[in-house]
Amino acid sequence: MEVEESANSVLHGDLLEYVLLRVPPDELAASPALLSWEWRRAARAVHQRRCRGRGHRASLVAHVQGAYTGRSTHVYDPRRRAWGADGARVMGALPVQRCCCAGGDRVYALSLTSMTISEDALGATWCELPPPRVWRVDPVVTVVGPRVVVLGGGCGATATAGVVEVLDEAGWTTCAPMPAPLASRWVSAVASERRVYVLERRSGWASWFDPAARQWGPARQLQLPGGNAAESWAACGVMKSGCADERLLVLAGGGGAGGGGTKAVALWGVDGNTLQLDAEGNGHEMPAEMSERLFGADGGAVNIGVAAAAAAESGYVYNASETSKGAVMYELVAAGVGGGDDSSKKQCHYEKTRRRSSRWEWEWLPCPPAAAAASSAAVVVFTCSRSSAAPNK
């Protein structure tokens with residue numbers, strides 16, 4: 001009787017694959033000699049489905065900058081789950097900041113007389129450009145198609161916080177200023193192939209700017225369901241929604257449910273045109289233990305920082321006030337395997353159904369050793385490449 005019941009409890013075929021899809025990848029790495037043929041077959045099938053579902057996983061790049069130590073670059077490979085060897089150290093260079101674009105982050109350096117933007121997240125090759133007409137500190141710089149957009153920032157005068165300039169073949173053009181609720185130095189931005197989405201990090205006001213048409217879209221204050229308030233907001237990606245529409249991804253962080261000390265961080269979808277929270281983007285929350293490691297459980301403030309390739313479906317969240325704490329990778333993983341006809345109608349349907357059938361996964365990674373060992377005066381700038389194999393290509 002016991003032998004018969006044991007035989008009936010064995011999992012086979014699709015049912016075994018369905019169960020193994022819920023098992024963490026590291027726990028499937030057991031010795032083949034200890035496993036049955038059916039288990040090995042199902043594990044291989046699950047690995048292939050995960051690879052097809054994940055696509056390219058974006059790499060995190062850390063630029064550690066110090067007044068006396070220069071700038072060093074470090075790359076986290078998500079496939080090996082490890083930081084690579086220390087990159088080249090550059091002495092006497094201008095400090096860099098993140099420049100977001102649809103194909104993956106870049107970095108830029110700005111002075112009164114020059115502006116340079118790298119070709120990738122590593123800063124290996126650079127393109128020199130004329131400086132913007134209006135000088136400001138820490139502006140948002142994005143690349144949208146062939147155009148460079150500079151907005152926000154400040155130089156001690158609030159009048160410069162809302163200035164918008166666009167660089168194209170004709171040179172710099174001053175455009176309509178940012179909407180008043182967004183004219184702040186605390187702005188998060190993400191770029192698609194058509195627009196720059198801008199989000200005020202403290203109040204949640206959002207809008208988008210079209211560099212080709214030189215015009216702003218509607219301005220709206222994002223509201224979480226149930227009247228919950230967010231302490232910190234960040235724009236973290238743009239996804240296709242159908243054939244032509246776009247869907248903005250944002251992170252919102254604040255006090256957890258019940259008013260406890262642990263802070264809750266959740267990912268939400270926003271309609272790219274109306275800037276209303278998407279009913280389908282129902283708050284994919286970061287695991288509580290990860291948010292506690294990032295922001296603490298003592299009731300401190302939440303200050304979300306993001307490095308993300310806008311067109312990719314993965315990115316990294318970190319504590320913008322304490323970058324040495326580490327980071328969390330978020331990634332959209334398909335539950336099934338897409339494919340078939342690539343016609344535009346089927347592709348639009350696939351984008352919608354894939355979003356509904358997929359899930360967001362979170363993974364902790366430590367700070368690079370060089371950043372942890374740096375002095376308190378050092379600045380760490382995180383950027384994100386589109387894939388671990390070929391940054392920004």
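A: Begin with exposure. Buried means under 20% relative accessible area, exposed means over 50%, and partly exposed lies in between. One caution: this model is predicted.

Q: Is R194 buried, exposed or partly exposed?

A: R194 has a relative accessible area of 38%, so R194 is partly exposed.

Q: What does R194 pair with?

A: The general idea: a salt bridge needs a side-chain nitrogen of Lys or Arg within 4 Å of a carboxyl oxygen of Asp or Glu. In this structure, R194 bridges to E246, and their closest N and O atoms are 3.5 Å apart.

Q: Is E246 buried or exposed?

A: E246 is buried, because its relative accessibility is 11%.

Q: How many salt bridges does the structure hold?

A: The structure holds nine. One of them joins R80 and D77, with 3.5 Å between the closest N and O atoms. Check each partner. R80 is exposed, at 53% relative accessibility. D77 is buried, with a relative accessible area of 15%.

Q: What is the N to O distance between E322 and K325?

A: Their side chains meet in a salt bridge at 3.8 Å, N to O. E322 has a relative accessible area of 41%, so E322 is partly exposed. K325 has 28%, so K325 is partly exposed.

Methods:
Residues are numbered from 1 along each chain as its sequence is written. This is a predicted model: local features need pLDDT of at least 70, side-chain atom pairs count only at pLDDT 80 or more; totals for chains, interfaces and linings use all residues. Side-chain values use heavy atoms; hydrogens and water are left out. Buried means under 20% relative accessible area, exposed over 50%, partly exposed in between (1.4 Å probe, protein chains only).
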